[in-house]
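Here's a quick tour of a protein chain for you. Have the sequence and the 3D view open, and follow along as we go.

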Amino acid sequence: MSQHHKPDAMNILLIEDLPIYIRIISKILQNTHTTLEVAQSLAEALEKTQITAYDAILLDLGLPDSRGIDTFNSISSGCTATPIIILSSTDDETIAVQALKNGAQDYLIKGSYLTDETVGSVLLLRSISYAIERQRIQKELLLERSSLEQRVKDRTRELEEANLRLQNLATCLVSAQEDERRRISMELHDEAGQFLTALGLNLDLIRAEIETQSPSLVNLISEAKHITETIMSKLRSLAHDLRPPAIDTVGLSQALQDHCRKISRQTKLDVCFSAIAAANLPKHIQLSLYRVVQEALTNAIKHANASRIDISLESDAEYATLSVEDDGCGFNLPRELTPDSMGGIGLLGIEDRIEAIGGSLTISTQPGKGTSLFVKIPLPERP
Ligand SMILES: Nc1ncnc2c1ncn2[C@@H]1O[C@H](COP(=O)(O)OP(=O)(O)OP(=O)(O)O)[C@@H](O)[C@H]1O
Ligand SMILES: [Mg+2]
């Protein structure tokens, strides 16, 4: 055993009522830099442990005022930081083992060996020093464990807070985008719309003025009037698309169903929508999914020359998933999606929007093989 573990200058309490053992143990310890104090009853021992913090306690379980395991429990509950070594007579070994289970560090059977000075000294000192060392390690382990538990708790709380902040940020982001769209929609409708209406009226006036004088100019003006009306109708539908969908009132499934019916009517395309368990998704996720369908349908109409489009929305406890599949011409998907490589910003906008709320977008397409978009969004845990 190393020097480090030697019980130098230790303060030890011997709780023992039999004078013979008090004598023997005092003798063993007398040349060992230990101070030995003796208590001959439980009451006296409790009094002493209240005043002094001992390095170790040697405890006989059979005292005039207490017997058996109760003796150990009384002493140990008063000084949990002090290692206790049971001094047991041969016939109460089971109680000594019980005391070990309750936290005693060691037990020594009081027998003839204690009367042999050399053997007794080695055994007793080793038992004391082991007991102290074990107690110290246990204490450190306990401290380490509670500091680990605290760190786990802290990290868990930090993660929960970060998650909440991310969620709030995602919600803010989506609602900022929607506010911006609403503003642009109003601007298009009110500002640009008013000017175009005025332009149309002016064209009518000019046409009436020159109707009789210059038939060729009248034709040009009629054409200009027609262009104006086309722009107006395009602007109106753009402004309409930009307006937030009626998710609040009818819910996402119904809003999508309505949108699909409208597109189907306008384009004569087969637009099929199905939803499974997709009620009560968080508002920002509903809005994002709606915008994905809007852009995907516009693309299918503009680029795909498709005859059928299938949209399916599904959610479980963990994810909301959406797929939009058309049977159109498909396209060569660039390795990297950039405004240059894509030629537009619709799909990029979808990708940004979905990634901002922690989801993923997968595009699957090939020339001649149609185009499919898959979106998967993790749902926040419900309390
Ligand atoms: N469903 C589709 N079928 C065939 N080609 C498609 C489809 N969707 C997208 N594409 C191709 O990918 C390109 C990029 O689409 P994206 O939506 O990003 O831009 P865009 O539609 O051209 O313009 P915008 O910025 O108005 O959306 C399109 O120009 C088209 O070539
Ligand atoms: Mg597009």
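Which residues does Gln-105 touch, not counting residues up to four places away in sequence? The answer is Pro-83, Ile-84, Leu-100, Ala-131, Arg-134, Gln-135 and Gln-138, where touching, or contact, means heavy atoms within 4.5 Å.

Before you dig in, know that this is a predicted model, where local features need pLDDT of at least 70, side-chain atom pairs count only at pLDDT 80 or more, and totals for chains, interfaces and linings use all residues. Residues are numbered from 1 along each chain as its sequence is written, chains are lettered from A and ligands numbered from 1 in the order in which they are written, and side-chain values use heavy atoms, with hydrogens and water left out.

**The whole chain**

- You'll find 11 helices and 10 strands in the protein chain; helices (H or I, at least four residues) and strands (E, at least two) are DSSP runs, numbered from the N terminus.
- Its C-alpha trace spans about 140 × 40 × 40 Å along the principal axes.
- The radius of gyration is 43 Å, while a compact globule of 383 residues would have one near 21 Å; it is taken over C-alpha atoms, and the globule rule is 2.2 Å times the number of residues to the power 0.38.
- Of the 383 residues, 36% are buried (buried means under 20% relative accessible area, exposed over 50%, partly exposed in between, with a 1.4 Å probe and protein chains only).
- Take the contacts between residues at least 6 apart in sequence: 65% of them join residues at least 24 apart.

- Gln-105 sits in the loop between helix H4 (93-101) and strand E5 (106-109), and it is buried, with a relative accessible area of 6%.
- The C-alpha atoms of Gln-105 and Ile-84 are 5.6 Å apart, although 21 residues separate the two along the chain.
- Ser-127 belongs to helix H5 (residues 117-210) and is buried at 4% relative accessible area.
- Leaving out residues up to four places away in sequence, Ser-127 touches Ile-85, Asp-106 and Leu-108.
- Thr-118 is in helix H5 too, but Thr-118 is exposed, at 58%.
- Between the C-alpha atoms of Thr-118 and Ile-28 there are 8.2 Å, with the two residues 90 apart along the chain.

- Glu-295 is partly exposed at 21% relative accessible area, whereas Asn-299 counts as buried at 16%.

**Two asparagines with positive phi**

- Most residues other than glycine have a negative phi.
- Asn-280 has a positive phi of about 60° without being a glycine; look for it in the loop between strand E6 (270-276) and helix H9 (283-304).
- Asn-280 is exposed, with a relative accessible area of 65%.
- Asn-305 also isn't a glycine, and its phi is positive at about 55°.
- Asn-305 lies in the loop between H9 and strand E7 (308-315), and at 73% relative accessibility it counts as exposed.
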